[in-house]
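Could you take me on a walk through this protein, one selection at a time? I have the viewer open and would like to know what to click on next.

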Amino acid sequence: MSALEPHPAIAPPPGCMVQVSRGVHWLRMPVAFAPGHVNLWAIEDEAGDGVDNGPCWTLVDAGFPDDATRANWTAALNGDLAGRPVRRILITHCHPDHFGLGEWLAKQTGARIWMSLGEYMTAQAWFGTVPASDRGLMADFFVLHGLGAGHTDAMRRESGRYRQVVGELPVAMRRILPGETLRIGGDDWTAIAGYGHSPEHLSFHRANDPVLIAGDMLLPRISPNTPTLAYEPEVDAVGQYLDSIELFRALPDHTVVLPAHGDPYVGIAARVDALQAHHAERLALIVSLCAEPQTAAALLPSLFKRELDSFQTRFAMGEVIAHLNHLWQTGRLRRLPKQDGVLRYTQP
């Protein structure tokens, strides 16, 4: 298949859901930041644990912690989801638009959060006051890569941002192991771990009537952020992401892909091709810009044509450093010894 085929389902209005595959339903929650929404999913389930037998729901992702999403969840729980209890809430990854309302939704439904340990522990670290979550560490890291005080001073004042946004986290959860098979609604769903965008992102694949709840790994129109973070300063997040999405080629190409942003589609191989081509183009551009030694910060104006505030700069810097790490570790760029406390990269 050479191109994506859109799924015929039309996005449901807030607080409602629409079926996109046998037993799988789509909810869309608007948010006040790009891309303007997050997609969540409800799977028809059948509890058989001896406690709450009978029809129920398994939910996938909880959404962003704002009043509008709480109101839309309340409408859905009292409307289209009514009549079946929620058995569990699967979380793809710990970013606030996916996990931010997890504890609130668990309290509303009495359900347990299920997620990977990597995402759970990262959320706990970002929520707490551990050294790795300190904004000063990130600011110092970006100074090392050439970013000036105008941006880094603002970052140092943003301490505790994740905690402020999310508000509350679950203490207890049920761990999902990468590769684990979950029985949901009479079908086997395999948890597929992906890396580069977040520490241990999980997508969920059903082989029978093929469906992939992809989270942020295979978005239909944009590539997810693949940042290098200060507590893992030399990680090749780009390489991890490209290796992760390559594994999705093993899935049937008629699989219905349910992304966290954008509309459902069919055409996994075509989307993997497009994402890999995007990163190849980006990497080639960075190599060309490094004919003379460059810092990550110096590359920002050539790679991002719009003006960036301190929050956007944080994502952009992490992305550029990740691409530089990939090029350096694959031998396409050379990382020079620090001069004036700053790292620079150039062509071999």
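Here is a tour that moves from a sheet to its neighbouring strands, then to a helix pair and a hairpin. Keep in mind that this is a predicted model.

**Stop 1: the sheet.** Start by selecting the seven strands of the open sheet, whose order is S1-S14-S13-S12-S11-S10-S9, with mixed pairing. Which strands stand at the edges? They are S1 (5-6) and S9 (181-184); each has a single partner strand, so one side of each lacks a neighbour in the sheet.

Stop 2: Now show S9 together with S10, residues 187-194: the two run antiparallel and are joined by four bridges. To see one of these pairings, pick Arg183 and find its bridge partner in S10, Asp188.

**Stop 3: strand S13.** On one pairing, S13 runs parallel to S12 (residues 211-215), with four bridges between them. Click Leu212 and you will find Val257 as its bridge partner in S13.

**Stop 4**

**Stop 5: two helices.** Next, select H9 (residues 268-289) and H11 (residues 310-329). Their axes are 10 Å apart and they pack at an angle of about 80°. Angles of 65 to 115 degrees count as roughly perpendicular, which means that H9 is roughly perpendicular to H11. Which residues meet here? From H9 come His279, Arg282, Leu283, Ile286 and Val287, and from H11 come Glu319, His323, Leu324, His326 and Leu327. Coloured by class, this contact shows five nonpolar, three polar and two charged residues.

**Stop 6: another hairpin.** Finish at S2 (residues 18-21) and S3 (residues 24-30), which pair in the antiparallel sense over three bridges. Select Ser21 and look across to Val24 in S3, which stands opposite. This hairpin has two residues between its strands, and Gly23 takes a positive phi near 75°.

Key: Residues are numbered from 1 along each chain as its sequence is written. This is a predicted model: local features need pLDDT of at least 70, side-chain atom pairs count only at pLDDT 80 or more; totals for chains, interfaces and linings use all residues. Side-chain values use heavy atoms; hydrogens and water are left out. Two strands pair if DSSP finds at least two bridges between them. Axes are lines fitted to C-alpha atoms, for helices over the stretch in contact, and angles run from 0 to 180 degrees between N-to-C directions. Angles under 35 degrees count as roughly parallel, over 145 as roughly antiparallel, 65 to 115 as roughly perpendicular and the rest as oblique. Contact means heavy atoms within 4.5 Å. Ala, Val, Leu, Ile, Met, Phe, Trp, Tyr, Cys and Pro count as nonpolar, Asp, Glu, Lys and Arg as charged, and the others, Gly among them, as polar.
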